[in-house]
Amino acid sequence: MTAVLFTCAGQRVDIVDAFNRAGATTVATDADALAPALYGATHRSLVPRIDDPKYIPALRALVDEHDVRLVVPLTDLDQVILAESREQLGVTVLLPDAEIVERLGDKYLAHVLFEERGIASPPTWLPNGVPEDAAFPLLVKARQGFGSRHIYRAEDRAQLGFFLGYTPVDSIVQACLAGEEFSIDVFCDLEGRCLNAIPRTMIESKGGESIKGMTIRDEKLIELARDVAETLQLVGPANIQCFREADGSHYVTDINPRFGGGFPLPLAAGGRYPELALALARGEHPEPRLGDFREGIVMTRFFSGLSLTQNGDGTLKPLAPTE
């Protein structure tokens with residue numbers, strides 16, 4: 001069985017479970033002993049925080065202990081350090097090159113990257129670079145981070161100045177698009193070839209994470225995602241967020257090079273992304289299967305819980321149904 005190491009496992013029980021069902025030996029890590037995804041894995045381990053110099057050595061020790069073939073980050077937190085530490089880890093890391101990861105994690109640098117590569121992106125400026133003739137409304141958005149934190153809509157120049165002074169984080173200013181928003185879950189091989197792209201509607205989001213959506217067979221969105229993914233040489237999973245304006249044009253706003261919050265939807269639609277990831281870990285070269293998914297699959301997510309009990313050695317374990 002192929003062993004997969006998940007970092008910053010957090011609440012992503014859905015992803016760990018999917019890899020379990022795909023036949024992987026799962027190794028989940030986190031700095032928090034109460035991270036739920038730890039307890040869905042074959043093996044679990046507490047590791048130092050990502051800013052600790054011992055973080056990467058701790059992951060390497062787990063790679064050696066469990067004969068790990070693939071490292072999969074489950075949040076944005078450690079993507080750059082993982083991409084930079086491939087040689088030290090000595091195993092396939094399911095991420096693009098470190099430069100791409102770093103630029104995608106900064107909304108201004110991502111916008112510049114998109115423009116450099118010919119990918120349409122909404123007009124975006126640093127706070128001191130907003131032109132006098134910029135059309136309102138405008139969005140003030142955090143340069144870094146996830147979960148749609150610190151986003152404010154400015155209706156005029158006075159509000160823009162207020163929100164730029166009010167926000168506690170480094171920010172960008174971006175044109176406010178009026179079209180329909182879509183997410184596209186892609187999966188690429190280690191050479192940056194797009195193997196599949198599954199568009200979905202954004203019916204409802206909370207905290208920047210999709211909780212309701214539906215897969216759609218939209219050839220323009222599929223082709224857009226393929227072109228973007230291969231232009232940037234993405235590797236593994238990524239979530240591409242875009243808007244379609246009234247004239248039919250598309251603008252890419254964000255790309256997260258990991259499994260997105262809406263992962264259950266492309267999985268239910270037949271994307272088989274865990275199986276593709278395991279194939280890459282085994283050195284295989286799957287052929288692209290663009291459009292191979294079920295349209296009209298609707299996702300509605302909900303909160304769940306996990307009860308734990310003492311394990312007798314200072315650690316915790318899931319509470320058995322009979323206890």
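A charge is said to sit over a ring if NZ of Lys or CZ of Arg is within 6 Å of the ring centre and within 35 degrees of the ring normal. The model shown in these views is predicted, and local features need pLDDT of at least 70, side-chain atom pairs count only at pLDDT 80 or more, and totals for chains, interfaces and linings use all residues. Residues are numbered from 1 along each chain as its sequence is written, and side-chain values use heavy atoms, with hydrogens and water left out.

**Figure 1. Arg 217 and the ring of Phe 293.** The charged end of Arg 217 lies over the ring of Phe 293, at 4.5 Å from the ring centre.

**Figure 2. The largest nonpolar core and a second, separate core.** A nonpolar core is a set of buried Ala, Val, Leu, Ile, Met, Phe, Trp, Tyr and Cys residues joined through side-chain atoms within 4.5 Å. Buried means under 20% relative accessible area, exposed over 50%, and partly exposed in between (1.4 Å probe, protein chains only). In soluble globular proteins, nonpolar side chains tend to be buried together. The largest core here has 62 residues, and those with the most contacts inside it are Phe 19, Leu 104, Val 186, Phe 187, Leu 232, Leu 234 and Ile 255. Helix H8 (residues 219–232) supplies the largest share of this core, seven residues; helices (H or I, at least four residues) and strands (E, at least two) are DSSP runs, numbered from the N terminus. A second, separate core has 19 residues, including Val 47, Val 63, Val 68 and Leu 82.

**Figure 3. Aromatic pairs, among them Phe 19 with Phe 259 and Tyr 152 with Phe 163.** Rings of Phe, Tyr and Trp (its six-membered ring) pair if their centres lie within 6.5 Å; planes under 30 degrees apart count as stacked, over 60 as edge-to-face and the rest as tilted. The structure holds eight such pairs. Phe 19 and Phe 259 form an edge-to-face pair, with 6.1 Å centre to centre and 70° between the planes. This pair links distant parts of the chain, 240 residues apart: Phe 19 belongs to helix H1 (residues 13–21), and Phe 259 to the loop between strand E15 (250–256) and helix H9 (264–268). Phe 19 counts as buried because its relative accessible area is 0%, and Phe 259 because its relative accessible area is 3%. Tyr 152 and Phe 163 form a stacked pair, 5.2 Å centre to centre with 10° between the planes. Tyr 152 lies in strand E8 (residues 152–154) and Phe 163 in helix H7 (residues 157–166), 11 residues apart. Both Tyr 152 and Phe 163 are buried. Ring pairs also link Phe 6, Phe 19, Phe 259 and Phe 263 into a cluster.

**Figure 4. The largest cavity and its lining.** On a 1 Å grid over the protein atoms alone, a cavity is a set of points where a 1.4 Å probe fits but cannot get out, and lining residues have an atom within 4 Å of a point. Grid points are joined across faces, edges and corners, and a volume is the space filled by probe spheres set on the points. One cavity of 30 Å³ or more is counted, and the largest cavity holds about 50 Å³ of space. Its lining consists of Asp 185, Val 186, Pro 237, Ala 238, Asn 239, Arg 258, Phe 259, Gly 260, Phe 263, Pro 266 and Tyr 273. Strand E10 (180–188) and strand E14 (236–244) are the elements that give two or more residues to this lining, and E14 gives the most, with three residues.

Figure 5. Just after H10, Gly 283 takes a positive phi of about 85°.

**Figure 6. Lys 220 in helix H8 and Asn 256 in strand E15.** Lys 220 counts as exposed because its relative accessibility is 61%. Leaving aside neighbours within four places in sequence, Lys 220 is in contact with Arg 244 and His 250. Asn 256 counts as buried because its relative accessibility is 18%. With neighbours within four places in sequence left aside, Asn 256 is in contact with Asp 76, Pro 237, Ala 238, Asn 239 and Gln 241.

Definitions and conventions:
1 Å grid on protein atoms, 1.4 Å probe; cavity = no way out; pocket = protein on both sides within 12 Å on 5 of 7 lines; lining within 4 Å. Contact = heavy atoms within 4.5 Å.
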